[in-house]
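Subject: Structure for you to look at, with notes

Dear colleague,

I am passing on the structure we talked about, with my notes below it. Please keep it open while you read.

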Amino acid sequence: MARTAAPAQKAPGRRSQRPDRAIAEVSRASTWARWARLTFLVPAVLYVLFAFLIPIVYNLILSFEQTSPATISSLFAPFAGIANYKNALVQAVTQSAIIRTFTFTFLSLLFQFVIGFGLALLFNLNFPLRRVARSLVIIPWLLPLLITGFIFKFLFQTEAGAVNQILADMHLVSHPIGFLTSPGWAYLTVLIANVWIGIPFFAVLLYSALQDVPLELKEAAMLDGANAWQRLIRVTLPVIRPVIEVVFVLGFVFTIKVFDVVIGLTQGGPANSTEILAPWAYNLTFQQFEYGQGAAINTILLLIALFAAPVYIWLNRESLRRA
Amino acid sequence: MTRQRKFTAALAALGALVTLVILLFPLYAVIVGSLETNNQLLGTHYNFLPPTPKFSNYSAVISSQGGHIVSTLIIGVFTALLVLAIAVPAAHALARYRFRVTAMLVGGLLIAQILPAIVIANSLFLIYHKLHLLNSYPGLILADASYGVPFSILVLRAFMLGLPNDVLQAARVDGASEWRTFVRVVLPMSRSAVITVAVFAFLNGWGDFIFALTLLSGSSFQPITLSVYSYIGEFTSNIGEALALCVIGILPAAMLLIAAQRYIAAGLTVGSVKG
C-alpha cells in the first residue's frame, strides 16, 4: 500500500512547477490512452466471439440443417426446416429426458438447499475445529465431475459395493440392491451423486450470508421473546433472502447442464432411465451422428438455461449499474 | 448459561463430525480401494480397511498413465494462464473506464456464464474439424478456458471496483501510461483475486471432461478424466488402477484447498464457479 501511494504525494509538486506542459502531456496521452484502454478489452471480446457467440449461432444454424456424417467436412448443409426438432421431439427418450431434466433439477436443488442450509446453520454455531470442518466440506465441489461419477459407481456397485455392504450390515436389506442396474435406483443414485457435489456450494454461500446477519436483529428478536425457530423464519431467512435467490438461480444453471456425472455413473441407462438433456444431446451427436438433432436438443437445453438469464442479470443489477 | 453453551458446542461438534464422516466417506472409500487388489475389490464383501494395503496400483497407473498425468497438468496450467491473460486486462478496463459497451459486455458475460458447455462443445467439434484444431493442445486449452473466462472477468472486475480510485488517479497524473498503471499498480493490488481466479481456472482445465471427450479422439495425449472414462468400459478388469488414478485426479483439489483455502472460499462466495 505504502509503495503505491507514494506517487500521489509527488504529483502535485511536479505539476505546479510546469503547469502548461503537464496539461499538454495529459491531453496528448488521453487520445492515445483511449486506444490503449480498448486494447485491454480486445482479447476478451475476441474470446467471447470465438468460444460463446459463434458456437451458439452455429449450433442454431446446425439445428435447422439436414446433416449427415457426409456433411461434416463442409461448413453448411442444406436447409431442413424444423425437421430436426420434429425428429428429435417425437422420440420418447427426448420427451422423457426433458421432463427428467426438470424433475432432476428440482429434486437436486431441494436436497442441496435443505442439507446445505442445515450445514450452514451448524457452522454458524461455535464449536471446536469448525474452521477445519468448514474447509473439508468444500472438497466435493472441487473434484473433477467425471471422477465423482466414477467414485459413486464404485460405491454403489451391486457386488462388494460399499453402500450395499453398509445396508446389509445394518440389516436393512437381505439382498444387495442393483443401484445401477434397475431404472428407479439408478435415477436415485445419480441424484445422490449430484446432491453431494452441490452441497458445498449451498453450504458455503449460505454460511457466509448467515455471518452477515446483524447480531442486533437476532438479539432484538430474542428480547421480544421469539424462540429459535421463530428467529430463523422471521429474522434470518428474510435477511439472507437475496443470497438464497442467487444460490437457487446458479444451482439451477449448474444442474440443468449436468453431464459428467451421468456419463461416469450410468451413461443415461439403464433403459434411458437417467437420460437428461445434456448427455442425450451428446449421444445424438457423437454416438448416432445425428448432428442436426443433437443441435436441436442443445437449442432446447440452451433455451431452458436462458430462462435463468433475466433473473441472473436482475440479481446482478448492482454490478451492471456501476458500468 | 455457560454450561448450556458448552452443551450446544459439543452437540454441534458431534453433528459436524457425523456429517463430515458421511460427506467424506466416498473419498475415504476411493483411497482405501486404491490400496487393494482387483480380487479384493471384486469379492463378495466390501472392505472398510484394505486387507493387505499395497501401492502396486499406483506404480501400475503411474507407468501406464504417467504421460497423461503430465498432459493433464499442462492443460490445467495453460488454461489458467490463458484465462488470466484474457480476463485480467478486460476486468481492469471494465472496472476502471467507461465504455459505451460496458453494460452490454458485463451482461453478455453473465449470460456466457449460464451457457451449457455441451452446447459449445458440440459446435466446437464441427468448427474445429474444419480449422484442424481437433486433437491439439491449443484447441483443447482454448475450449477449457471457456469455463473460467466469464467468471474470472466478473470476479476480478468486482474486486477492482473496490480498489481506491485516488491511487490509480495519482499514478495517471504522475505520467504513468495506462499499461504501466495496470502492471505496476492494479496488478499488485489485485493479487488475491488473481490467485483465486487462477486456482479455479487450473481446476477447470485439470478436471475438464466434456471438451476432452468431444474435441480429442485417438490423440496422442489425453487428460486423466478421459483415462478414467475408458476404465468405465472395462470396469471389472482394472478397478484398482482406476481408483488409484481417481485419487491422483482429486489430489490437486485437496492440495489447493490446503494451500489456498482462503482464495477458494473467496471464489466460492463471490459466485458461480463451475462449468
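In which helix of chain B is the place of Ser71(B)? Ser71(B) sits in helix α3 of chain B, residues 56–96, where helices (H or I, at least four residues) and strands (E, at least two) are DSSP runs numbered from the N terminus.

Before going further, please bear in mind that this is a predicted model, in which local features need pLDDT of at least 70 and side-chain atom pairs count only at pLDDT 80 or more, while totals for chains, interfaces and linings use all residues. Residues are numbered from 1 along each chain as its sequence is written, chains are lettered from A and ligands numbered from 1 in the order in which they are written, and side-chain values use heavy atoms, with hydrogens and water left out.

Chain B as a whole

The secondary structure of chain B consists of 13 helices and zero strands. Along the principal axes, the C-alpha atoms of chain B fill a box of roughly 75 × 70 × 30 Å. Of the 275 residues in chain B, 60% are buried, a word that stands for under 20% relative accessible area, with exposed meaning over 50% and partly exposed in between (1.4 Å probe, protein chains only). Taking contacts (heavy atoms within 4.5 Å) in chain B between residues at least 6 apart in sequence, 75% join residues at least 24 apart. The accessible surface of chain B is about 11,200 Å², and 67% of that belongs to carbon and sulfur atoms; such areas come from the Shrake-Rupley method with a 1.4 Å probe, and for residues only the protein chains shown count as cover.

Leaving aside neighbours within four places in sequence, Ser71(B) is in contact with Tyr137(B), Phe221(B) and Gln222(B). Although Ser71(B) and Gln222(B) are 151 residues apart along the chain, their C-alpha atoms are separated by 6.4 Å.

Leu110(B) belongs to helix α4 (residues 102–114) of chain B and is buried at a relative accessible area of 2%. Not counting residues up to four places away in sequence, Leu110(B) touches Tyr312(A), Ile313(A), Asn316(A) and Leu320(A), as well as Leu154(B). The C-alpha atoms of Leu110(B) and Thr214(B), which are 104 residues apart along the chain, are separated by 25 Å.

A search of the whole structure finds one salt bridge over all chains, the term being used for a side-chain nitrogen of Lys or Arg within 4 Å of a carboxyl oxygen of Asp or Glu. The partners are Arg241(A) and Glu245(A), whose side chains meet at 3.1 Å, N to O. Because they stand four residues apart in helix α10 (residues 228–256) of chain A, Arg241(A) and Glu245(A) are separated by about one helical turn. Arg241(A) is exposed, with a relative accessible area of 52%, whereas Glu245(A) counts as partly exposed at 27% relative accessibility.

A nonpolar surface patch of about 840 Å² is made by ten residues of which I name some, including Val42(A), Leu53(A), Ile54(A) and Phe76(A). Patches here are made of residues with over 30% relative accessible area and no salt bridge, with like charges joined within 9 Å and nonpolar side chains (Val, Leu, Ile, Met, Phe, Trp, Tyr) within 5 Å. Ile54(A) lies in helix α2 (residues 19–62) of chain A and is partly exposed, at 46% relative accessibility.

Thr148(A), in helix α6 (residues 145–155) of chain A, counts as buried at 1% relative accessibility. Apart from residues up to four places away in sequence, Thr148(A) touches Leu143(A), Trp196(A) and Ile197(A).

Backbone points in the loops

The peptide bond from Gly269(A) to Pro270(A) is cis, with omega near -10°, and Pro270(A) is in the loop between α11 (260–265) and α12 (277–287) of chain A. His171(A), in the loop between α7 (162–169) and α8 (183–211) of chain A, has a phi near 60°, a positive value in a residue other than glycine, and is exposed with a relative accessible area of 72%. In chain B, His132(B) has a positive phi, near 55°; His132(B) is in the loop between α5 (117–131) and α6 (137–161) and is exposed at 69% relative accessibility.
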